[in-house]
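Visitor: Hi, I've never looked at this one before. Could you walk me through it?

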Amino acid sequence: CSDGSSEVFDSNSCYWLDGTNGVCAGGSMAPQSVLATLGPSFVGKYYKTTRSNNCCIKHSEQATELQDYGMTGGDCNGANIFFTGPIAGGAGCSNASASNTFQLTLCVRAADTQSPTA
């Protein structure tokens, strides 16, 4: 992954969180299921481009699953690095359907290389 400050590498893919309400520049929305294992990997990362204004995470499967992961505490719409990362039920997100202007969004793209650069 070319952006070690915001991207998490897993299975030849780069994942990131952004406050872009479903828009993933250079990628697409990812399924929230990856957060069960990747959530802690976001500790120490930042938003990719835009700070969110809602803490529930928009994702590719929400038409059937809704939003079940969120950010809590200082991670929720904060200006600093993520201290906890996304967690199931975080910020009270359970079957949520938030879609704010700067909705927190989980994104993915194919990795640049076979291994992370950061």
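This is a predicted model: local features need pLDDT of at least 70, side-chain atom pairs count only at pLDDT 80 or more; totals for chains, interfaces and linings use all residues.

Visitor: You mentioned F42. What is F42 in contact with?

Guide: Leaving aside neighbours within four places in sequence, F42 has contacts with S6, V8, Y15, W16, L17, L35, F82, G85, P86 and L106.

Visitor: Switching topic: how many aromatic pairs does the structure hold?

Guide: One. Y47 and F82 make it, and the arrangement is edge-to-face, with 5.0 Å centre to centre and 85 degrees between the planes.

Visitor: What does that pair tie together?

Guide: Y47 sits in the loop between α1 and β4 (54-58), while F82 is in the loop between β5 and β6, so the pair ties together parts that are 35 residues apart in sequence.

Visitor: Are those two buried or exposed?

Guide: Both Y47 and F82 are buried. For Y47 the relative accessibility is 11%, and buried means under 20%, so Y47 counts as buried.

Visitor: What else does Y47 touch?

Guide: Quite a list: S6, L17, D18, G19, S52, D75, C76, N77, G78, F82 and L104, not counting residues up to four places away in sequence. There are polar contacts too. The side chain of Y47 reaches the backbone nitrogen of N77 at 3.2 Å, and a polar atom of that side chain lies 3.3 Å from the backbone oxygen of D75.

Visitor: Where is D75, then?

Guide: D75 is in the loop between β5 (69-70) and β6 (87-88).

Visitor: That's an Asp. How far away is the nearest side chain of opposite charge?

Guide: It's R51, 12 Å away. D75 is buried, yet has no salt bridge.

Visitor: So what does the side chain of D75 reach?

Guide: The backbone nitrogen of F83, at 2.5 Å. D75 also touches Y47, I81, F82, F83, T84 and G85, again not counting residues up to four places away in sequence. Both partners of the aromatic pair, Y47 and F82, are among them.

Visitor: Okay, salt bridges. How many does a search of the whole structure find?

Guide: Four. One of them joins E7 and K48, with the closest N and O atoms 2.8 Å apart. That pair links distant parts of the chain: E7 is in the segment before β1 (8-10) and K48 is in the loop between α1 and β4, 41 residues apart.

Visitor: Which of those two is buried and which is partly exposed?

Guide: E7 counts as buried at 4% relative accessibility, while K48 counts as partly exposed at 25%.

Visitor: What other salt bridge does E7 form?

Guide: E7 also pairs with R109, where the closest N and O atoms are 2.9 Å apart. R109 is in strand β7 and E7 in the segment before β1, 102 residues apart. Both R109 and E7 are buried.

Visitor: And which residue meets R109 in a salt bridge at 3.0 Å?

Guide: D112 does, through its side chain. Salt bridges that share partners join D3, E7, K48, R109 and D112 into one network.

Visitor: Which residues have a positive phi here without being glycine?

Guide: N21 is one, with phi near 50 degrees, and N77 is another, at about 60 degrees. N21 lies in the loop between β2 and β3 (28-29), and N77 is in the loop between β5 and β6.

Visitor: Are they buried or partly exposed?

Guide: Partly exposed: the relative accessible area is 24% for N21 and 25% for N77.

Methods. Residues are numbered from 1 along each chain as its sequence is written. Side-chain values use heavy atoms; hydrogens and water are left out. Contact means heavy atoms within 4.5 Å. Helices (H or I, at least four residues) and strands (E, at least two) are DSSP runs, numbered from the N terminus. Buried means under 20% relative accessible area, exposed over 50%, partly exposed in between (1.4 Å probe, protein chains only). Lys and Arg count as positive and Asp and Glu as negative; His and the chain ends are not counted. A polar contact is a pair of N or O atoms within 3.5 Å; within protein, one must be able to donate a hydrogen and the other to accept it, and residues adjacent in sequence count only if both atoms are side-chain atoms. Rings of Phe, Tyr and Trp (its six-membered ring) pair if their centres lie within 6.5 Å; planes under 30 degrees apart count as stacked, over 60 as edge-to-face and the rest as tilted.
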